[in-house]
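Please examine the model shown below together with its sequence. The account after it is meant to be read alongside both.

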Amino acid sequence: MTTQTLPTRKLWFAALKPPMYSVAVIPIWVGSAIAWSEQQHLNAPIFWTFLSAAILIIAWLNLTNDVFDADTGIDVNKAHSLVNLTGNQSLIFWLANGFLGLGCLGLVAIAWWQQDVTVLALILLSCFLGYTYQGPPFRLGYQGLGELICFVTFGPLAVSAAYYSQTQAWSIRPLPAAIIIGLTTSLILFCSHFHQVADDLSAGKRSPIARLGTARGARLLPWICGGIFGLILIFMGFNLFSNGVVLSWVSLPLAIHLCRHVWRYHDQPDQVKDCKFIAVGLHFVSGLLLGIGLLA
Ligand SMILES: C/C(=C\COP(=O)(O)OP(=O)(O)O)CCC[C@H](C)CCC[C@H](C)CCCC(C)C
Ligand SMILES: O=C(O)C1=CC(=O)c2ccccc2C1=O
């Protein structure tokens with residue numbers, strides 16, 4: 001069944017993408033876990049406020065993605081675009097801005113409690129970079145720069161912000177974990193392009209998969225996954241990670257499943273479209289276990 005023929009309830013589920021919100025959870029969890037392991041203490045109100053703000057920001061990101069994609073025409077065939085489902089672009093736009101406003105309010109509360117604007121500034125910078133991915137006049141995602149933006153924002157910026165929110169101190173200690181989280185988040189975006197090459201090319205979007213072709217993209221995937229798991233061992237070898245982080249290797253079967261699925265279906269959009277949610281699972285399980293390993 002293509003998304004064009006899905007029942008309305010399933011279309012709304014596909015449009016709202018609940019599993020995707022785990023991309024907000026993992027950097028906050030990992031950055032806070034590193035701080036917790038150092039201080040033997042977690043500031044729970046800061047953690048929950050930051051987490052809620054991050055979820056609201058992801059809602060803004062996804063709603064505005066449909067709004068801006070409606071302007072370029074890239075989503076004409078996307079039945080599960082919120083703009084296509086509601087037929088009301090400005091409603092989605094203002095709803096998105098409401099989510100961003102609420103998210104920023106949470107970050108302002110953290111700045112007020114801590115009398116320190118660092119976390120607010122880091123996340124506002126991430127939001128600006130997120131806007132450049134999809135919004136006018138930048139639309140850097142159309143040049144294939146999304147994965148790089150994703151790496152920087154969900155990796156070093158978000159993980160450092162989470163660490164800082166707990167410690168109010170700078171350290172390079174979160175950097176190795178930030179690199180891993182940045183890579184696994186970018187992997188989700190990379191996988192999200194396989195099924196939409198035709199629409200992307202006709203709208204002038206040169207995503208990495210539109211540039212490489214699906215076959216070369218599928219061949220590259222095991223190297224990316226292997227690189228991520230290899231890097232975890234290298235960081236352990238250099239004592240940048242505690243030995244407990246080996247726990248994140250439990251997610252390896254998900255990486256193997258992802259590579260096999262994409263290898264088999266890379267040129268069949270209706271089959272390969274699920275691969276981004278396999279990547280979401282890999283990111284969530286590996287990130288969760290990485291945080292637990294860092295705490296151990
Ligand atoms: C919206 C994103 C991808 C959708 O891309 P596309 O248009 O190809 O997909 P559709 O088929 O669904 O239309 C994600 C883009 C991510 C962006 C590069 C970086 C965003 C940064 C965030 C604002 C950072 C938030 C950090 C958080 C933890 C506070
Ligand atoms: O809809 C999508 O494809 C994505 C939404 C999203 O929020 C996100 C966040 C971080 C990495 C990738 C993605 C998506 O691919």
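This is a predicted model: local features need pLDDT of at least 70, side-chain atom pairs count only at pLDDT 80 or more; totals for chains, interfaces and linings use all residues.

Residues are numbered from 1 along each chain as its sequence is written, chains are lettered from A and ligands numbered from 1 in the order in which they are written, and side-chain values use heavy atoms, with hydrogens and water left out.

Ligand 1 is surrounded by 22 residues, of which the closest are Asn65, Lys78, Tyr133, Gln196 and Lys205; a residue is near the ligand if one of its heavy atoms lies within 4 Å of it. By class, this shell divides into 10 nonpolar, 8 polar and 4 charged residues. Here Ala, Val, Leu, Ile, Met, Phe, Trp, Tyr, Cys and Pro count as nonpolar, Asp, Glu, Lys and Arg as charged, and the others, Gly among them, as polar.

A side-chain N or O atom of Tyr133 is 2.9 Å from a ligand oxygen. For Lys78, the separation between a polar side-chain atom and an oxygen of ligand 1 is 3.0 Å, and for Lys17 it is 3.3 Å. Taken alone, ligand 1 exposes 770 Å², and the protein buries 95% of that, with areas from the Shrake-Rupley method and a 1.4 Å probe. Two or more shell residues come from each of α3 (44-72), α6 (118-134) and α7 (146-167). The largest share, 6 residues, belongs to α7. Helices are DSSP runs of H or I with at least four residues, numbered from the N terminus.

Asp75 lies in the loop between α3 and α4 (82-86). Is Asp75 buried or exposed? Asp75 is buried, with a relative accessible area of 8%; buried means under 20%, exposed over 50%, and partly exposed in between (1.4 Å probe, protein chains only). Leaving aside residues up to four places away in sequence, Asp75 touches Asp66, Asp69, Ser81 and Asn84, contact meaning heavy atoms within 4.5 Å.

A disulfide is a pair of cysteine sulfur atoms within 2.5 Å, and the count by this rule is 0. Cys127 is in no disulfide, the nearest cysteine sulfur, that of Cys104, being 5.8 Å away. Cys127 is buried at 9% relative accessible area. The sulfur of Cys259 lies 3.8 Å from that of Cys225, the closest cysteine sulfur, which is too far for a bond. Cys259 is likewise buried, at 13%.

How values were computed:
A polar contact is a pair of N or O atoms within 3.5 Å; within protein, one must be able to donate a hydrogen and the other to accept it, and residues adjacent in sequence count only if both atoms are side-chain atoms.
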